[in-house]
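Here's a quick briefing to read alongside the model. Have the viewer open and follow the topics in order.

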Amino acid sequence: MSASSAHVVVVGAGPYGLAAAAHLREAGVDPLVFGEPMDYWERNMPAGMLLRSSWRASSISSPGDRFSLAQYERHLGRPLDRPVPREDFVAYGHWFQRQAVPEVRRQRVKEIRAGDDGFAVEVDDGTTVDARRIVIASGLATFAWRPAPFDRLPAGVVSHTSDHSDFAGFHGRRVLVVGGGQSAVESAALASEAGADVVLLSRAPVHWLTRSARLHAAAMGLGRRLYAPEDVGPAGLSWIVAAPGVVRQIPEGVRGQMTARCLQPAASHWLVRRLEAIPKLTGDAMQAASNGSRDVRVTLTDGRVLHADHVLEGTGFRLCLERLGLLAPELAGALDDVNGYPVLSGGFEASVPGLHILGGLAAYSYGPVMRFVSGTWYAAPALARAVRESDRRGRRNGGELAARAPRRAGSSGHASGVRARFRALQPHVDEAFRRSGRAGQRNGDLESK
Ligand SMILES: Cc1cc2nc3c(=O)[nH]c(=O)nc-3n(C[C@H](O)[C@H](O)[C@H](O)COP(=O)(O)OP(=O)(O)OC[C@H]3O[C@@H](n4cnc5c(N)ncnc54)[C@H](O)[C@@H]3O)c2cc1C
């Protein structure tokens, strides 16, 4: 493979990019991976943050689970805390990268264009790499949601939670944290613990995951039966969304409702106590103004006016292809999408053949686990399998592009009738059973510690 061409280019070296690269390598494809490993977790999540995902849902997928969190603990020779601190997860990600994907190009990709024989990948040093396939795993960075009431405020008095890797700078300041999900609530706790005078403003009262914590801890392994190892969504539904291959076959409306249900704003039970002393208001911000570098006035729809030195937007992320920022217009325009999400077929392939998209943007097709690290358990092996099979077919047909006849996006290659749909589900159901058995083993490893 020359420096200016690669069979597969992976954009991003976070959990999805690393898992994809590890499984592709195992499948005999050596991808060229771009990105600074784990840098989103290092620069855009606050020090002191704890992972919301449970221990068993926080390993990055690797072939044979060789580089799971449990293996990392063994490597360290000491137990890690539960919930896993961000700092430990970042160190784990770096260890994973060194073990599973030793070669990473620590550069940013500027743009991906359609090329003569695939794609042309422009790198930030001005060089271009030709690639037959692209795997986009660039994460959440461009999707931070900054709602309208605050967009006229000067930069110094408003920021998004993802703009910070610690909150020490808020010491002694009045901070209005806006939002009711995990990152808003945890940021409120961390800013307050850093010495800020914090008020939390959310549209609805915070939904605490206390009941779910009780069910998780229920006696006689009940929690393990109610929640799949992927641990996304409420009891029961968790098992359905843990089979993304099945989710992709579910009619669009139902799939959308399931995803929304699993991703509704909520905060971990272990934050309840840390929020006790923080005033929590419910209301909807309508307008915000500031007369300088301090004193922001936020007017709520019911007429109340709040004063703060800084507004911290814990307003989450809105994902859409338009804001991905990586694809040249002709490529972006060729992608089929629904509400800004790419429609992906088997192997996470978009309607432009050879272009694969992993992570949160895959949630429309594959469901809510794609927003979490545990989604790598399905996504990375499925991608590697599809690439290997498509390459094999391509070789048989006398060249890979022959195997890439243009097709409608989202057509899975399966016939569309109900019987065909059920037939198509079978391998995914088998896979879900196989994985749940293996996950039990993985968790057994941990309990023996
Ligand atoms: C505050 C917060 C807390 C979270 N907590 C959890 C949790 O507890 N458990 C959980 O499962 N999930 C959690 N998540 C979701 C988490 O972001 C995802 O699970 C996970 O990071 C997805 O991995 P990824 O590889 O898709 O994205 P990222 O981790 O964002 O990795 C993408 C990588 O791509 C790189 N990249 C981007 N653009 C380019 C480019 N142009 N060229 C080269 N490289 C590029 C980035 O620098 C980044 O390192 C949390 C998210 C937030 C915001």
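Before the sheets come up, one term: two strands count as paired when DSSP finds at least two bridges between them. With that in hand, an open sheet of three strands runs in the order β10-β11-β12, with antiparallel pairing. Keep in mind that this is a predicted model. Overall, the protein has 14 helices and 16 strands, and buried residues make up 42% of its 449 residues. Among contacts between residues at least 6 apart in sequence, 67% join residues at least 24 apart.

- β10 and β11 run antiparallel and are joined by five bridges; S290 has V296 in β11 as its bridge partner.
- Strand β11 (residues 296–300) is joined to β12 by four bridges, again antiparallel.

**The five-stranded sheet**

- A second open sheet, of five strands, goes β6-β13-β7-β8-β9 with parallel pairing.
- Its edge strands are β6 (158–160) and β9 (280–282), each pairing on one side only.
- On average, neighbouring strands of this sheet are turned by 25° against each other, direction ignored.
- Three bridges hold strand β8 (residues 197–202) parallel to β9, where L281 stands opposite L201.
- Helix α5 (residues 182–193) packs on this sheet and touches β7 (174–178), β8 and β13 (310–313). The direction of α5 makes about 170° with that of β8.

**Strand β1 and its partners**

- Is β1 (residues 5–11) largely enclosed or largely open? Five of the seven residues of β1 are buried, so the strand is largely enclosed by the rest of the structure.
- β1 runs parallel to strand β5 (residues 128–136), with six bridges between them.
- β1 also pairs in the parallel sense with strand β2 (residues 32–34), over three bridges.
- V10 takes part in both pairings: V135 is its bridge partner in β5, and V33 is its bridge partner in β2.

**The nonpolar core**

- As background, nonpolar side chains in soluble globular proteins tend to be buried together.
- The largest nonpolar core here holds 113 residues, and V9, A20, A191 and L358 touch the most other members.
- Helix α13 (residues 376–396) gives the most to this core, with eight residues.
- Leaving out residues up to four places away in sequence, A20 touches V10, V135, A137, L358, A380 and L383.

**A384 in helix α13**

- A384 lies in helix α13.
- Why is A384 classed as buried? The cut-off is 20 or more other C-beta atoms within 10 Å, and A384 has 26.
- Residues touching A384 are H23, L24, E26 and A27, not counting those up to four places away in sequence.
- L24 is 360 residues from A384 along the chain, yet their C-alpha atoms are separated by 4.9 Å.

**Around the ligand**

- How many residues surround the ligand? There are 32, and the closest are G12, G14, G35, G139 and G359.
- α1 (15–26) and α2 (39–43) each supply at least two residues of this shell.
- By residue class, the shell divides into 16 nonpolar, twelve polar and four charged.
- A20, one of the residues that touch the most other members of the largest nonpolar core, falls within the 15–26 span of α1.

Technical notes:
Residues are numbered from 1 along each chain as its sequence is written. This is a predicted model: local features need pLDDT of at least 70, side-chain atom pairs count only at pLDDT 80 or more; totals for chains, interfaces and linings use all residues. A residue is near a molecule or strand if its C-beta atom, placed from the backbone, lies within 6 Å of it. Ala, Val, Leu, Ile, Met, Phe, Trp, Tyr, Cys and Pro count as nonpolar, Asp, Glu, Lys and Arg as charged, and the others, Gly among them, as polar. A nonpolar core is a set of buried Ala, Val, Leu, Ile, Met, Phe, Trp, Tyr and Cys residues joined through C-beta atoms within 7 Å. A residue is buried if 20 or more other C-beta atoms lie within 10 Å of its own, exposed if 12 or fewer, and partly exposed in between; C-beta atoms are placed from the backbone. Two residues are in contact if their C-beta atoms, placed from the backbone, lie within 7 Å. Axes are lines fitted to C-alpha atoms, for helices over the stretch in contact, and angles run from 0 to 180 degrees between N-to-C directions.
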